[in-house]
Amino acid sequence: QVQLVESGGGLVQAGGSLRLSCAASGRTFSAYAWFRQAPGKEREFVAAITWYGRSTYYADSAKGRFTISRDNAKNTVYLQMNSLNPEDTAVYYCAAGGSIGRRPDDFGSWGQGTQVTVSS
(Lines give C-alpha, C1' and ligand atoms only; values in the text may rest on other atoms or scores of the structure.)
Protein backbone atom coordinates (compact mmCIF):
# COMPACT_ATOMS: atom_id res chain seq x y z
CA GLN A 1 0.00 0.00 0.00
CA VAL A 2 1.40 3.36 -1.05
CA GLN A 3 1.70 5.89 1.73
CA LEU A 4 3.12 9.40 1.86
CA VAL A 5 3.51 10.93 5.30
CA GLU A 6 4.44 14.58 5.69
CA SER A 7 5.96 16.14 8.78
CA GLY A 8 7.78 19.28 9.81
CA GLY A 9 5.07 21.88 9.56
CA GLY A 10 4.39 24.37 12.29
CA LEU A 11 4.26 28.01 13.29
CA VAL A 12 7.20 30.24 12.43
CA GLN A 13 7.83 33.97 12.35
CA ALA A 14 8.36 35.83 9.12
CA GLY A 15 11.93 35.41 7.95
CA GLY A 16 12.25 32.03 9.61
CA SER A 17 12.80 28.56 8.18
CA LEU A 18 11.16 25.15 8.22
CA ARG A 19 12.05 21.81 6.71
CA LEU A 20 9.24 19.57 5.58
CA SER A 21 9.72 15.84 5.17
CA CYS A 22 7.75 13.33 3.12
CA ALA A 23 8.37 9.69 3.93
CA ALA A 24 7.24 7.35 1.19
CA SER A 25 6.43 3.67 1.61
CA GLY A 26 4.95 0.96 -0.56
CA ARG A 27 6.81 1.77 -3.77
CA THR A 28 9.23 4.21 -5.34
CA PHE A 29 7.89 6.76 -7.81
CA SER A 30 9.71 8.54 -10.59
CA ALA A 31 8.75 12.02 -9.45
CA TYR A 32 7.81 13.75 -6.24
CA ALA A 33 6.45 17.22 -5.64
CA TRP A 34 5.26 19.63 -3.03
CA PHE A 35 2.04 21.56 -3.46
CA ARG A 36 0.33 23.95 -1.10
CA GLN A 37 -3.19 25.15 -0.57
CA ALA A 38 -4.20 28.25 1.35
CA PRO A 39 -7.76 28.79 2.59
CA GLY A 40 -10.07 29.72 -0.26
CA LYS A 41 -7.40 29.16 -2.89
CA GLU A 42 -6.61 26.40 -5.35
CA ARG A 43 -3.83 23.94 -4.72
CA GLU A 44 -0.66 25.30 -6.26
CA PHE A 45 2.65 23.84 -7.31
CA VAL A 46 5.69 24.61 -5.17
CA ALA A 47 8.53 22.31 -6.24
CA ALA A 48 9.23 18.94 -7.83
CA ILE A 49 12.11 16.51 -8.14
CA THR A 50 12.84 13.39 -10.13
CA TRP A 51 13.78 10.38 -8.06
CA TYR A 52 16.42 8.79 -10.29
CA GLY A 53 17.89 11.94 -11.76
CA ARG A 54 18.77 15.25 -10.28
CA SER A 55 16.22 17.46 -11.96
CA THR A 56 14.39 19.97 -9.82
CA TYR A 57 11.65 22.43 -10.65
CA TYR A 58 10.30 25.37 -8.70
CA ALA A 59 7.42 27.77 -8.79
CA ASP A 60 8.51 31.36 -9.19
CA SER A 61 7.40 32.04 -5.62
CA ALA A 62 9.76 29.35 -4.34
CA LYS A 63 12.86 30.05 -6.40
CA GLY A 64 15.77 31.24 -4.29
CA ARG A 65 14.01 30.49 -1.00
CA PHE A 66 12.95 26.84 -1.12
CA THR A 67 15.02 23.76 -1.90
CA ILE A 68 13.62 20.33 -2.70
CA SER A 69 15.83 17.31 -2.17
CA ARG A 70 15.60 13.57 -1.68
CA ASP A 71 17.31 10.84 0.27
CA ASN A 72 17.02 7.65 -1.74
CA ALA A 73 18.21 5.45 1.12
CA LYS A 74 15.48 6.80 3.41
CA ASN A 75 12.86 7.04 0.66
CA THR A 76 12.21 10.57 1.84
CA VAL A 77 11.74 13.89 0.08
CA TYR A 78 12.42 17.20 1.79
CA LEU A 79 11.43 20.80 1.28
CA GLN A 80 13.73 23.29 2.96
CA MET A 81 11.94 26.62 3.23
CA ASN A 82 13.86 29.77 4.10
CA SER A 83 12.90 33.44 4.31
CA LEU A 84 9.29 32.50 4.95
CA ASN A 85 6.62 35.18 4.76
CA PRO A 86 2.92 35.20 5.70
CA GLU A 87 1.96 34.51 2.06
CA ASP A 88 3.57 31.07 2.46
CA THR A 89 0.93 30.09 5.02
CA ALA A 90 -0.88 27.02 3.70
CA VAL A 91 -1.31 23.30 4.04
CA TYR A 92 1.62 21.70 2.26
CA TYR A 93 1.09 18.40 0.48
CA CYS A 94 3.56 15.84 -0.75
CA ALA A 95 2.67 14.16 -4.04
CA ALA A 96 4.17 11.32 -6.06
CA GLY A 97 3.72 10.10 -9.59
CA GLY A 98 5.20 8.40 -12.62
CA SER A 99 6.45 11.54 -14.32
CA ILE A 100 7.37 15.09 -13.45
CA GLY A 101 4.74 17.78 -13.67
CA ARG A 102 3.40 20.99 -12.20
CA ARG A 103 -0.29 20.21 -12.06
CA PRO A 104 -2.04 18.31 -9.25
CA ASP A 105 -3.46 15.93 -11.88
CA ASP A 106 0.10 14.89 -12.79
CA PHE A 107 0.42 13.08 -9.46
CA GLY A 108 -1.66 10.12 -8.35
CA SER A 109 -0.57 9.68 -4.75
CA TRP A 110 -0.88 12.28 -2.01
CA GLY A 111 -0.06 12.72 1.62
CA GLN A 112 -2.44 14.07 4.23
CA GLY A 113 -0.79 17.50 4.36
CA THR A 114 1.04 19.48 7.01
CA GLN A 115 0.12 22.98 8.13
CA VAL A 116 2.64 25.79 7.78
CA THR A 117 1.75 29.09 9.43
CA VAL A 118 3.97 32.14 9.11
CA SER A 119 3.25 35.02 11.45
CA SER A 120 4.12 38.61 10.62
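Strands β7 and β8 (residues 76-81) run antiparallel and are joined by six bridges in this predicted model. The two strands form a hairpin, with four residues between them. In that turn, asparagine 75 has a positive phi of about 55°.

Now look at the faces of β7. In a regular strand the side chains alternate between the two faces of the sheet. β7 has a covered face made of Phe66, Ile68 and Arg70. Its uncovered face holds Thr67, Ser69 and Asp71.

What is the nearest side chain of opposite charge to the buried arginine 70? It is aspartate 71, 8.3 Å away. A salt bridge requires a side-chain nitrogen within 4 Å of a carboxyl oxygen, and arginine 70 has none.

Backbone oxygens are found by this side chain instead. The side chain of arginine 70 reaches the backbone oxygen of tryptophan 51 at 2.9 Å. Leaving aside neighbours within four places in sequence, the contacts of arginine 70 include Ile49, Tyr52, Gly53, Arg54 and Thr76.

Turn next to the cysteines. The structure holds one disulfide. It joins cysteine 22 to cysteine 94, with an S to S distance of 2.0 Å. The pair links distant parts of the chain, 72 residues apart: cysteine 22 sits in strand β3 (residues 18-25) and cysteine 94 in strand β9 (residues 90-97). Both cysteines are buried. The torsion about their S-S bond is about -75°, so the disulfide is left-handed.

Definitions and conventions:
Residues numbered from 1 in each chain as written. Predicted model: local features only at pLDDT ≥ 70, side-chain atom pairs only at ≥ 80, totals over all residues. Heavy atoms only, no water. Buried < 20%, exposed > 50% of the residue type's maximum accessible area, 1.4 Å probe, protein only. Lys, Arg positive; Asp, Glu negative; His and termini not counted. Polar contact = N/O pair within 3.5 Å; in protein donor to acceptor, adjacent residues only side chain to side chain. Contact = heavy atoms within 4.5 Å. Pairing = 2+ DSSP bridges. Disulfide = S-S within 2.5 Å.
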